[in-house]
Every structure is written in C-alpha cells, then in structure tokens.
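Me: I have a structure open and want to talk through how its pieces pack. Can we go step by step?

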Amino acid sequence: MDKILEVKNLKISFRTNSGIVRAVRDISLDLEKGKTLAIVGESGSGKSVTSKAILGILAGNSIVEGGEILYDGMDLLKIDEEQMHKVRGDKISMIFQDPLSSLNPIVKIGNQITEATLLKNKANRREARNQFNSVLALLRQAMVDSKACSEEKAKEMCGTFDTFCIKANKFEHLYNVDDEVCEDCSAHLKDLLFKAEKNQKQNVKYIVGDVLNKTGNFKSEFFVHEYKEKLANASKEVKELLSDYKPTADNNRLGEKLENAIKELDSVIEAMYNQTKPNFFRIGFYALKNPNEDIYSEDTEALNEKALKFLDENFMLEFLEYTEKALKYSAEKYLAKKREAVKVLQEQLSYFDGTISEKESKARAKVMTGAVLGAIDPLEIKKDNRAYTFDTGINDAVNRYFRFEKQNPKEQARFDKQTAKVEKLKARGKKVDWKVVPANIVDLDLLKKNISNVINGLIDDYSEFDKNFEKIAFSERKVEIVDFFKDRASKVVYKITRSMAKENAIKLMEEVGISEPRMRYNQYPFEFSGGMRQRIVIAIALTADPEILICDEPTTALDVTIQAQILELINDLKKKRNLSIIFITHDLGVVANMADDIAVMYAGKIVEQGTASDVFYDPRHPYTWALLSSMPDLDTKEKLESIPGTPPNMIYPPVGDAFADRNKYAMQIDYEMQPPMFEISETHRAATWLLHPDAPKLETPAIIRDRIARMKAKNNNGGEING
C-alpha cells in the first residue's frame, strides 16, 4: 500500500461563546496514491474541518488538540506558514463547495488561472535546483564511502550526470514548447475552417497570420528538422493566397484554393505534433560527448536506440552500479543508527509513565530528536514520515502537556468565579442573560499518553524497517533516485513566460470542458454558469499539477445534470493525471462510481471505514444503513427513510455512541460507552456494539438488502462499485 497522506489520531475543537465544540474526535485516515478516498456524513460531522486541517486553513478559533497529518516527510499540523505555502496549491489543491465564492468577481478568468502558475514557477525552479544539487552531492560521497569507486571517479561521474541531465532537459523544454504551439495552431486552423464552412464572420488574416508567425519561430531543431521544407512551402502558399482574400458581408467562405492551402498547412502542423518524440535523457549524454555530430538530421527512432546503446556502454550501467552500492551502503549505515535510536527512545519512554517535569521532559525530547534525526537516510527518496516529523511531533506533545498543566487550574478558577457570580446575581433576584462558558479542561493523562504514542509510533516503524531490511530491492531504488534527478532537472529548466502561462491556461480550460476557451479566457466569472464556474475552479486547482486534490462538496451548489458532468470530469482527471483525491460529501450516492475507499463520519468520529465495495455491499454501522436508506435511486420503489432526530451538541459530546439517540437498534451499552473499531476484514472496520460477539444478531434492513441485490446485479454480481 503506497500511502501518500496519513491522518493519525486527529483531534480538533473550536472555541465558541457557548463553549468548546469537539469537531473532530480522534480520527485516522490513509490516502493511497492514485486513489479516491470519500469522507461521507451529514453536515457538522467534521468532514470539512478535516480537509481544512490538511490544507492549513482552519479558522482562527480552532484548537488542534492532538494528532498528525503526515505528507512527504512533514507533519502539516506543525510546519510554519512558509513551508505550508510550498504545499498548499502546489502539492495539495482544493475545490470548494461554492465556485463563485472561490473566484474574484472583478478579475478576468484567464488572469486568475495564470496568476499562481507565474508566481510559483520561479520558486519551484530554485527549489528543484537545490534538491538536485544536495542529493547528488550526498550520492557522490556515498559512492566514495562505500568504496564503489574512487573520489576522482565519483566526482567525474556525478559531474557528468549533472551536466547531461540539464542539457537533456533544455532540449526537452524547447521541444515541448514547440509541441504546445503546434497543438494550439492546429486547433486554431481547424476552428477557422469549420467556421468558414458555416459562413461565419471571422478575422481570417489575423488568425492565419498569428499561426504563420508562431510556426515560423520554432525553437527546437529536433522538432522542426524533418518538416522544415514542407512547412516553408505550405506557409508560403497560404501567405500568397491570403493576400488576395476579400470576404464580403454575405460571403465569409475562404475559397477553394485558400481552403485547400490552409488544410495542407494544418496537415503539416499536425504531422509535426504527432511525430515520434526523441528520448532526450539518452540524447543529452550523446550530444554532450559528441558535440560536433549532426544529431538533428537522424531518424528519431534510430537516434533513440543509438543514444541508449552509447549511454549504457559509456556511462549509465557503470553509474547505476556505483549508485546501487552507494544506496545499499547508506541504508546499512543508517540501519545501525536506527537501531541505536530505538535504544535511546526505549530508554526515555519509561520516564513519561510517571511524574514529569517541563525542564527534564524537554531535555529528554532533545536527546531523542538528536538520535532520530541522525538516523534518517538522506538518500531515501520515499521519506519516512514519522522520522521526519518526530522533532515537531515530540516537542509539540511535550509543550501541549505543560501548557494545559498551567492552563487547567486557571481555566477552572475562571469558570468557578463566573459561576459563583451568576449564582450570586440570581440569589439577589437579578436577571442573568448570559451563560458561563464551560471550562476548557484538557485531560493531562491523555496528553501524557500522546507523548508516549509519538515515541512508540517511531519505535514500531523502525522495528518494522529492521525486520524487512533484507527485502529492500536496491535495484529498484537506484532507478527511483535517477528518476528523482530527471524530475528535478526538468523543473530547473522549465521557465514559464506570461505567454506560455496563457497557453497553459487555455489548454487547462479545454481539458476541464470549457468550450471556446480562447474567447472565454478574457471573460469575468459572472459571465459563466454555475457548472462552468466550477470547471474554472478545477482548472485553477490543477495549474500546479498537484499530487492530491481535495473536493469539498464540489457538486452541492449545482443541479443534478451538471453534478454528473463534474463528477465524470473529476474521475477522468484522476485517471489522466494519476491524482490522489479526497472527496467530501453528505451523499453516499455521489461517490458510488468514483470512490476507492470510504470513511463514514458522524459527530466527529469515523464510524465505518472500508473499500467502496465493503461499504456499499456489506454496510455494518446503523448510521451507514441510515445513509443508504435515504439515498434515492431510479429503481427504489419503497418510501425512502429519513434519519430521525438531529446530530448531538458537540459542546457536550455523548459518553457512548453519538448515534445512539437516533438509532432504533441502540442497546443500553450504546448510551454508556463508546464502541471500539471492530475489524470485519482486512479492509473493513466499523465502530458499533452490534459487532460485539455478545450482541444480538440483527439482519441488515430490507431496504438495504434490496438495494445491495440491485447493485450486485448491475455490477456483474458484486464486482467493484467503481469498476
């Protein structure tokens, strides 16, 4: 399971005039790479609070009482705003419920899409260069320390790798820019030909002139070499015929000769766009070592094969051999340090079982942090989130304990004083029209346990790593680190100009299904329908090509037909871009055909969790039954069941199961004790006392059984819901 985001024991509350609202109560979630996790529940269940915590946009009155949100070696709850700025919008983007409130009403759509692209490009290039240089320097040193090769050889090999990576990516960047221009020009010409056939008025000379100007200024010799003569001849003929083109008020057609000439020009441009792309990583090395050779005139496939053979024989096989030895050496070196760190963690752990002091606790946290940071393998591309976030995690847990140790007595004294004042006023017969804010007392034993949980979590991680060390495939790791270098080198040379940002924005608008994007680029939000505005918001969210997309009720403000279109669009984008998606909704039916995993939330807790098939075909929690029973579909003939009552007041969270008062299957224990998560299968869990071995055996409600039977029939006898 390749986790891209982990939420661990998250607890979030909000200060209000009436007291502390417990919005999220100890939830844990995992988002797998390339999958969709749906968080489902009624309004107020804590869904949106969880998503906003991930993005670092909680309201000012929020209190993060515990937990971790782990992403790329960071705990998103602990990093500062500067670090969060690099994540928010760039790595993790969000689509909100109301598209109009997400857009600036007085700024044109095009400018809103391009703004983030231009601002982040410079910072991304600088960061990529730093990452490339620092990791390559570490790899070079590991090659030497592992005795894979001499210091001189390591310096030479890494220097060569650096040089040809950048050279290769400069080649590729120029090629990609020309490729995008070609795609854009072909689309313009096809649009022009279509409108001319329909006798629509258009500025033919301007449109064709713009195409001729762009295709006459290609930058990549690889891109244009094979088509130079064809492109020049086609362009010349169009230019000559265009000078005689004179439309009239009644006739906006092109004429047979000009139309054929434009079609020929378009066919050349389209052939250029569809040509075989060179493998620039291979060619970068070949060009570096053979600077005087004319590589542009060669057949692309032949050049790719020749460059690969040359790269392997003269560099890459040797480089990969040294890299694998260096990675194994580094992993073994830091395995020993991890074992030492485990000893340090175990030695310090017992201290936090008894009475603790602030000074001693901070000193011990410093000792543990030093051991953990020293055990992190800097050549491990896939970061161990727990190790990278241990520093902030342990210090935050310690600081939180001693903050509330001091605050609890003050808070109790404040509450007692105000209560006494109210009672005194009432005793004197005075009317009191204000309420005493309940005391915000935090359980110190629980906070101390949080400290131990941080330590134990890393001990478990390191022990698991040690146990499975012999299974590590360093042959795969060496490929991963080369891919890392290629990716960072690509970002270093990818400079976005304003005109490029505009073309990217237009392509994004087209990708999200906005017709005539070039014309609509200069329109304002009020000129778009609700569904189109949501498409614009999706385009903005995708500008930085994020890894994670959070969709917070993105279809609630739209009519049913447009909802289906937006859901289909999000599904298509997920597959095309390999996005990992968190989809928040109150309607289980919305995610039936798009979720891979589902977490059902109620009153700040996850009450059922599993794959989409688990939750739809084998629901176990009465709240999940209630949601499914109230979900309309075309085949249900029975009257849909509404969920009786309302969610509890989370200023005073229930002692037992929060759903007990609305649950017709509730037992006495539901009112007295919160149920634990019972494991139904490896992928399916639910928090209901009905799963206890001693509980009465209840059959799933008939309306649910009938719905499951229909779903199984539609999905080939119980195939995947989203298959």
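Predicted model: local features only at pLDDT ≥ 70, side-chain atom pairs only at ≥ 80, totals over all residues.

Me: Ok, helices. At what angle do H10 and H15 pack?
Reply: About 110°, with the axes 9 Å apart. H10 covers residues 300–349 and H15 covers residues 474–493. Angles run from 0 to 180 degrees between N-to-C directions, and axes are lines fitted to C-alpha atoms, for helices over the stretch in contact. Helices are DSSP runs (H or I, at least four residues), and strands are too (E, at least two), numbered from the N terminus.

Me: So what do we call that arrangement of H10 and H15?
Reply: H10 is roughly perpendicular to H15. That term covers 65 to 115 degrees.

Me: Which residues of H10 make the contact?
Reply: Among them are Phe 319, Leu 320 and Leu 327. From H15 come residues including Phe 474, Ile 481 and Val 482. Contact means heavy atoms within 4.5 Å.

Me: What about H4 and H9, how far apart are their axes?
Reply: They are 8 Å apart, and the angle is about 115°. H4 spans residues 151–197 and H9 spans residues 280–289. In H4, Phe 161, Phe 164 and Tyr 175 are among the residues that meet H9. On the H9 side, Phe 281 and Leu 288 are included.

Me: Is H9 mostly covered or mostly open?
Reply: Mostly covered: eight of its 10 residues are buried. Buried means under 20% relative accessible area (1.4 Å probe, protein chains only). Arg 282 and Tyr 286 are among the buried ones.

Me: What covers them?
Reply: The cover includes H4, H6 (221–224), H10 and H15.

Me: New topic. How many strands form the open sheet?
Reply: Eight, in the order S6-S7-S8-S3-S9-S10-S12-S11, with mixed pairing. Two strands pair if DSSP finds at least two bridges between them.

Me: Which are the edge strands?
Reply: S6 (92–95) and S11 (678–679), since each pairs on one side only.

Me: And how do S10 and S12 pair?
Reply: In the antiparallel sense, over two bridges. Glu 608 has Ala 686 in S12 as its bridge partner.

Me: Which helix packs on the sheet?
Reply: H19 (residues 560–577), touching S3, S7 and S8. The direction of H19 makes about 160° with that of S8.

Conventions: Residues numbered from 1 in each chain as written. Heavy atoms only, no water. Parallel < 35°, antiparallel > 145°, perpendicular 65-115°, else oblique. Buried < 20%, exposed > 50% of the residue type's maximum accessible area, 1.4 Å probe, protein only.
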